[in-house]
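Dear colleague,

Please find below the structure that I am handing over to you.

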Amino acid sequence: MEVDSVPQQAVQDLGQIDSADLVVGIVADLSQEDVAEVCSALRTLPGSPRIVVLQNRLASDSTPTGSAALAQDSSLSLIPWALPTQSSPMTPVEGMLAAYQSILTIGERLGVRGCCVIASKLEHAPSKWVCQLTAPLLEASCDFIAPSYARRKFEGLLNSSIISPLTRSLYGLRIQNPMGPDLGVSQKLLQKLLEREQNGKTGASGMHLLASLVPLVLCGNLQVSQAYLGARSYPPGDWTTVSSLLSEILGPIFLAMEKNAACWQRTRTSSPVKALNEPVSAPQTTGTVEIDRLVNSFQLGIRDLQEIWGLILPPASLWELRKLARLPIEQFHIPDELWVRIIYDFALAHRLRTINRDHLLRSLTPLYLGWVASYARELETAEENAIEHRLERLSLAYEIGKPYLVSRWRWPDRFNP
Amino acid sequence: MWGQVKQALYQSTTRFVTRLASLVPGFVALFLALLISLLLAWIVGMVVRRLLSSMRFDERVSRWGFSSLAEWSPQNSPTLLVSGTMACAIVAAGFLIGIAAFNSDLTSSLVRSIFAYVPNVMGAIVVLAVGAVVARYVARSVLIGAVNLNLGYARLLSVGTRWLVMVLTIAMALVHLRIAVGIVELAFGILFGGIVFALALAVGLGSKDMVTKSLERDAKRTPADTVDEPLRHL
């Protein structure tokens with residue numbers, strides 16, 4: 001990992017600190033009161049560990065830290081730190097991912113026992129759950145603590161539709177959010193992550209780090225747990241950036257699949273991961289989904305992108321998609337089996353470089369929006385239990401479809417139904 | 001007098017036959033050169049074809065992103081295209097060697113000018129190949145981007161972009177070949193401008209209603225409407 005990824009100001013502030021037990025990086029834009037509460041909560045951790053808290057602050061923000069007194073404490077150092085987004089032309093996602101790199105770099109430099117990142121604004125105050133993400137790391141009872149948020153039917157759709165069920169099917173771990181964004185990693189996992197990046201020398205982004213977490217845990221026989229953190233507050237979505245999101249997030253996941261093919265091909269079944277606390281439920285959000293617009297995007301894709309999809313998908317899938325495009329919106333539904341095969345075929349095409357990888361991932365957008373429309377239509381009036389059942393069904397479809405992926409992965413030319 | 005006519009006729013026949021006879025070795029050499037080059041071309045073509053087939057060249061080409069090469073190939077096989085091109089190059093070289101065997105000033109200068117032109121031809125081929133790849137890449141980027149933005153005229157935009165790049169490429173190749181440079185420049189300007197104008201008209205007129213509706217919707221939209229969409233992807 002490059003030293004340059006750590007902001008210069010943070011390097012100067014860190015100069016007085018030789019070592020620490022825990023680094024907590026606050027990437028989310030928390031209020032000063034929340035930060036002070038996080039620090040207070042961290043002080044209650046058993047064994048009086050030495051803690052460094054990196055607090056995200058705007059570079060222009062000159063107001064004194066609400067917890068300035070805490071910053072001078074011998075067991076806890078609070079270091080203000082400007083995210084790269086404020087000073088460089090990065091997208092918010094890229095800025096956040098650069099922050100992960102910085103936090104891990106600092107963790108490695110200080111020789112910590114664990115590293116924790118707070119990247120979301122949650123409806124519960126972070127002081128209530130930050131210890132869940134850190135205590136097991138200090139006790140060395142866990143190497144990766146993944147977050148689990150209260151389910152809301154139309155939130156985290158990319159995770160629900162692809163990332164989580166794909167991870168479950170490939171690596172056999174039923175993790176709700178395999179890529180965080182809030183997470184805790186142990187020293188062992190941190191070293192493995194950094195070793196991999198140093199060996200790779202590919203200038204991997206933070207997203208590659210996040211995509212490598214679960215494969216490293218599974219292939220390195222490390223311990224993983226899940227902490228229920230409550231409901232997450234999401235910023236308003238912008239449908240025009242969906243294709244960029246797909247490209248930025250799925251690219252590293254498919255690359256990780258390629259690197260760990262020997263490992264995931266051996267995994268046959270999935271198992272639940274250890275929960276550190278009780279699940280939390282949250283009221284469902286209101287709002288109407290514009291299903292018409294989503295279906296129109298899908299139909300436009302069918303009309304104009306068939307030539308490209310023809311290079312990626314087998315004829316049977318294309319035929320089914322064409323049939324779906326002719327259905328009236330009230331009957332529009334993408335079967336799970338078809339969706340799973342589409343994702344597996346895209347992963348395979350990514351590996352084989354059938355077309356330019358950025359084109360490949362961006363061309364998935366109308367299909368993804370079609371899935372979202374189908375899911376939204378199905379769950380418009382559903383309760384939380386129904387959401388769990390629906391997503392469990394999808395995850396099972398991913399697991400059932402895995403032999404298809406393995407066969408196509410091993411014999412892409414011979415096995416092409 | 002009859003004797004003089006007979007002598008003149010005899011001399012002209014002798015000169016003609018002598019000149020014709022002097023050309024025979026050249027023709028034989030040309031024939032032999034062609035024969036040998038054909039044989040060599042057949043052998044090289046066969047070896048290259050087998051080599052490329054064993055390497056699964058057709059699949060690799062498609063995997064490397066040059067699938068449009070198959071469209072231009074005989075029987076949709078880039079292997080046949082490459083082996084055929086090599087065979088043709090060998091036959092052409094044999095023909096030029098045969099022509100040079102006449103050892104006349106005309107053929108020598110012909111061969112010289114043909115060889116001097118070869119770099120231009122090679123350059124034009126490279127320009128065309130690169131242009132075709134760039135055109136396809138750009139067209140695909142435009143198509144996917146436009147579809148993802150829900151633009152109904154995505155295909156039109158994509159095709160227009162492809163033709164813009166192809167027209168530019170063909171003009172560059174023709175200039176490289178030094179074929180009617182003035183006409184090419186003029187025609188290129190007219191065609192390029194025409195395509196841009198046609199695209200602008202098509203998109204502008206075609207989406208007039210859509211733009212009006214979009215602007216009206218934006219003007220009427222309240223801040224509450226913008227956060228109403230409950231979908232959160234990340």
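**Findings in chains A and B**

In strand E9 of chain A, A:Gly230 is the bridge partner of A:Tyr149. Helices (H or I, at least four residues) and strands (E, at least two) are DSSP runs, numbered from the N terminus. The model is predicted: local features need pLDDT of at least 70 and side-chain atom pairs count only at pLDDT 80 or more, whereas totals for chains, interfaces and linings use all residues. Residues are numbered from 1 along each chain as its sequence is written, while chains are lettered from A and ligands numbered from 1 in the order in which they are written.

I begin with the sheet of chain A. Its 8 strands form an open sheet with mixed pairing, in the order E3-E2-E1-E4-E8-E6-E9-E12; two strands pair if DSSP finds at least two bridges between them. At the edges are E3(A) (76–81) and E12(A) (274–275), each of which pairs on one side only. Helix H5(A) packs on this sheet, where it touches E1, E4, E6, E8 and E9 of chain A, and its direction makes about 170° with that of E4(A). For such angles, axes are lines fitted to C-alpha atoms, for helices over the stretch in contact, and the values run from 0 to 180 degrees between N-to-C directions.

Strand E9(A) has two partners to note. With E6(A) the pairing is parallel over 6 bridges, and 2 bridges join E9(A) to E12(A), also in the parallel sense. In the latter strand, A:Lys274 stands opposite A:Ser225. E9(A) is mostly covered, with 6 of its 7 residues buried. A residue is buried if 20 or more other C-beta atoms lie within 10 Å of its own, exposed if 12 or fewer, and partly exposed in between, with C-beta atoms placed from the backbone.

Just after H5(A), A:Ala140 takes a positive phi of about 60°.

Chain B contains 9 helices and 0 strands. Of its 234 residues, 17% are buried. The chain is divided into domain 1 (1–103) and domain 2 (116–211), with bounds that come from an automatic or database domain assignment. The centres of these two domains, taken over C-alpha atoms, are 35 Å apart. Among contacts in chain B between residues at least 6 apart in sequence, 63% join residues at least 24 apart; two residues are in contact if their C-beta atoms, placed from the backbone, lie within 7 Å.

Finally, I turn to the contact between the chains. It takes 34 residues from chain A and 23 residues from chain B. On the side of chain B, helices H5 (105–148) and H6 (154–176) each supply at least two residues, and H5(B) gives the largest share, 7 residues.

Yours sincerely
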